[in-house]
Amino acid sequence: MDLAVACGRPLLLRQPFAPDAFDQVILGCVNVLADEMNPARVAALRLGMGEAMTAFTVQINCGSGMQSIDTAYRYIREGKSDLILAGGAEALSRAPLIYRKSAVDWYSRLFGARDLWSRVKAIAGLRPSFFKPVLGLERGLTDPVVELNMGQTAEILAHLFHVSRRDADQYAVESQHRLAHAQKEGLFAGELEPTFASDGKVYDHDDGVRPDSTVEKLAELKPAFERPWGKVTAGNSSQITDGASWVILASEQAVKKRGLTARAVIVDSEWSALDPSIMGLGPVLCATAIMQRHGLALGDIGLWELNEAFAAQVLACLAAWDDDTFCRKVLGLNGAMGRIARDKLNVDGGAIGLGHPVGASGNRIVLHLVNAMKRLGVRQGIATECIGGGQGGAMLIETV
Amino acid sequence: MGKVWDVLAPRNLELGPAGSAGQGPWRHWRLARDEDGIAWLLLDKAGASANTLSEDVLTELNDVLAKLESDPPKGLVLRSAKPGGFIAGADIGEFKGMTDAAAVEARLTEAHAVVDRLDRLAVPTVAVIHGYCLGGGLEIALACDSRIAVDDARFGFPEVMLGLHPGLGGTVRLPRLINPLEAMGMMLTGRNVHARRAKSLGLVDTIVPERHVRAAATATVTGKKAKRGGLLIEIINSTYARKLAAKRMRAEAAKKAPIEHYPAPYALIDLWETHGGNVQDMQKAEIASFARLLVTDTSRNLVRVFFLREKLKGLADGKFAGDRIHVIGAGAMGGDIAAWCAWHGFTVTLADMKPEPLAKAVERATELYGKIGHKHIDIRNALDRLIPDLSGEGVCSADLVIEAVPETLDLKRKVYAATEPKMKPGAILATNTSSIPLQELREGLRRPDHLVGVHFFNPVSRMQLVEVVSHDQVADDVLARARAFLGRIDRLPAPVKSAPGFLVNRALTPYMLEAMVMLSEGVKRETIDAAAVQFGMPMGPIELADTVGLDICLHVAETLKAGLDRPMPDVSHVLRDKVQMGQLGRKTGKGLYEWKKGEPVKERDAPKPTPEMTDRLILPMVDVCVACLREGVVADSDTVDGAMIFATGFAPFRGGPMHYARTRGVAEIRQLLWQFAQRYGERFRPDPDWNHLT
């Protein structure tokens, strides 16, 4: 929550109203730490929003940061609230190490032993394997229903949509260059706030960026999830990182009352679900549903943020939209929708260079979409992401 | 698996360049080369859902190989384009009529030439195997330089089940590739080997998911040639080691398959013992041995049994569209039926009055799944689908309700009265009754046309046969759907009409009762059982009675006596006494035998049985089959034979009771039965239809 607090303070400072003016706080967070139960509330209190600030945490895996926005949007539409702080935060670096069940059972026996003899017996049951922890992070990134990790689902999509290792590496390189360019040009000003750590360090940019990445360099990397023939590597996957993001949502009334300047409106949102082993296709289902509802073609969307969980997964989504069979049989359309132009997609890089702090990403891509649309003078955009467990979330946003 | 995956699934099968290539000059094979010069050869047998090695498939392969020899690619990848699996084996239909061993040898020699040509091909060859790879299919794979298994591929040499052994080079190649003892084990038992085990044996070189097939195959044909053989294999294949091993193998084989009835395992052992050291000799001897076996009665009968199984499987061909089963009664049968259905993908609600039987059923299910499952999530998913249902809520959403409560008419009627009103429209009400006529059970039902009998045998997971019991009011559609349901849970349906004992129990009862008459005549129980086992029954009647449970035998016997208009052996006082004393057989540790650790304690030196003893036990069984045919309880003798083989294990190498009767001679059997009737009693009087049998 240090990140959520560090991120929230500057945002709240900028506002012409006091932090306790919000009606509530909603925060997406997947890896909730044991000493920060209901992180939304912890963050709200630590941000000085007052004891009367109700707050709850939402979790839909990678979609958590977008779910907080969606829930806030629906509450405001319903008329229940006028001003909501919706965010996402994640500290994957603090994912716990877990003791195996056998070790936990041994501990219970030891602590339950009342007399000396029972304790001796219990201690004698100690095994070296008890000390080998299970990486909480590894378990968290493995789908329990199909027993595949997220990288493996990307491998499956690469196979089904003929995405080659080279294609994936090429996309990753481009993404890194775009991010490096955006950082250099200061395009994140006002969006990315530096974090000041108590040890005197300043973190003012995401250091996962590799400005001099090349396809040749990436080609040297070994597959990360399925050796030796996999196509998904650490270089063409999102990075596992920490991060936080906040967005303020307000009703029209609140905008007027508080003298705020709205940057965009949420026109619509949609969630979709499909087989967990091909979860990467989630965005195609939900984004298409929105476009259909509003009679929009692919080309009508001026800007896209499609979360870069894996380069292969992004490319598979693009291929699916351009796939006649898929569009007819799965999406129920008359034929292929077409190709999203590369210069409208993830224009300033994405999770491959920036990282994918799971609970925060959904929030960040909506925020960045708005800022990028403003900068480029685009009216309509879609932010969408795939969700571990086999889901997808999408939002249709218009700048005002 | 949902809609999205279903649309994408066909892309999952990696067919390389041949996937998009045109048909080409052959009917069954497609060949294409990729950018790296590696050829992909696909077998996609025309007009069939599974690949088998028929004569024209092999002829075309010869042609393909000629083409490859004249214009060699950098490597060859061989796989099947059928989603179900690689190759299921030879085309058994082509074997069926052959009676001349010399002709068989000639055909086989030609086939060997083709397989040898594949083996000798001067380019690196790799077989990519998904699904089943059996018999001749495995032999084709062995002729390649390497083998790649996809995920859940399984391998096996089931020829021994047909009274044969591998005949297309398997006996030559397998013991040289993997530990010969393991190789012989595979060929002698006919059991399947799963991909993981195949890899640890060295039968396959690597296991990959579909998505890495292309990369793995390419790497294999372009990489270094794998070293084969090794010191251990050399040693075990040496003459003296073979001699030792062969002795042990014969002893093991004799336990399950006596040589008089099952020559194939011994022929195989002889083959390997004698010729295992020399490839050319072994190959010639394999062909000769196979040809000899093919024309034996045993093999012909076992091939007949194979087709009987296919015929019964064919009866399950329709459609059962439901997904939810409700089982009432979590006893030994109900609980196991529920577990079996859940394993095969149905959501099953299992109802009982008390929680303890439900808990025991879940325990048994977990044990069963642990034995037959390979993956932890398969076991977890099956257990998720098996729902203990104390309140019986599951009835309302069930597509099929199976009633498996104790055999009392009143109780069953009460259950139906409570259940039927809650059932979905169109849902089938099935009963597992073994002795109560459906005509009585259906009284009081609103829709008697939806009542059908599905009589399972114990244990459900091992006894493939299920009697599908009809009555004169049942709807044809209900019968067809019940059979299709059984197909979905991998059981064989045998249609029978509702009559006391249906077919199987009615046939087994005189078998068991006559045994007890012989007991009271002073014949030892071990002798009686030996008389039946010698004939080829898997278990003698005394042991069978103890295994089934003497209380159940008594109940069935009394029901049949009351229900059938036909003399039967008197129910022996021995049986009644045992039941009264609570000595019910295996389940109580003591019955007609003493039971220790699930096995009967048998005296070693009991006197040998006489042929007459065997006839006294077996012929009444055959007589019941004739009676059932005459009464129309079963429609045809093929169904009788199939049902008896798959429900009782009736000497399969004899082709079934009716086939046995015809082979031995109808007149001879009829006469024998008359003689027995005069000597031992009316119960042996042959059914009138013996006069009309051909």
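Between chain A and chain B there are two salt bridges, a salt bridge being a side-chain nitrogen of Lys or Arg within 4 Å of a carboxyl oxygen of Asp or Glu. In one salt bridge the side chains of A:Glu226 and B:Arg211 meet at 2.6 Å, N to O. This is a predicted model, in which local features need pLDDT of at least 70 and side-chain atom pairs count only at pLDDT 80 or more, while totals for chains, interfaces and linings use all residues. Residues are numbered from 1 along each chain as its sequence is written, chains are lettered from A in the order in which they are written, and side-chain values use heavy atoms, with hydrogens and water left out.

The contact (heavy atoms within 4.5 Å) takes 25 residues from chain A and 21 residues from chain B. The area buried between chain A and chain B, that is, the accessible area (1.4 Å probe) lost on putting the two together, summed over both, is about 1,900 Å², and carbon and sulfur atoms give 63% of that area. A:His159, A:Leu160 and A:Trp229 supply 38% of the area that chain A buries against chain B, more than any other three residues.

No disulfides, meaning pairs of cysteine sulfur atoms within 2.5 Å, are counted over all chains. The table gives two cysteines whose sulfurs are too far from the closest cysteine sulfur for a bond.

| Cysteine | Closest cysteine sulfur | Distance |
|---|---|---|
| A:Cys327 | A:Cys317 | 12 Å |
| B:Cys396 | B:Cys341 | 19 Å |
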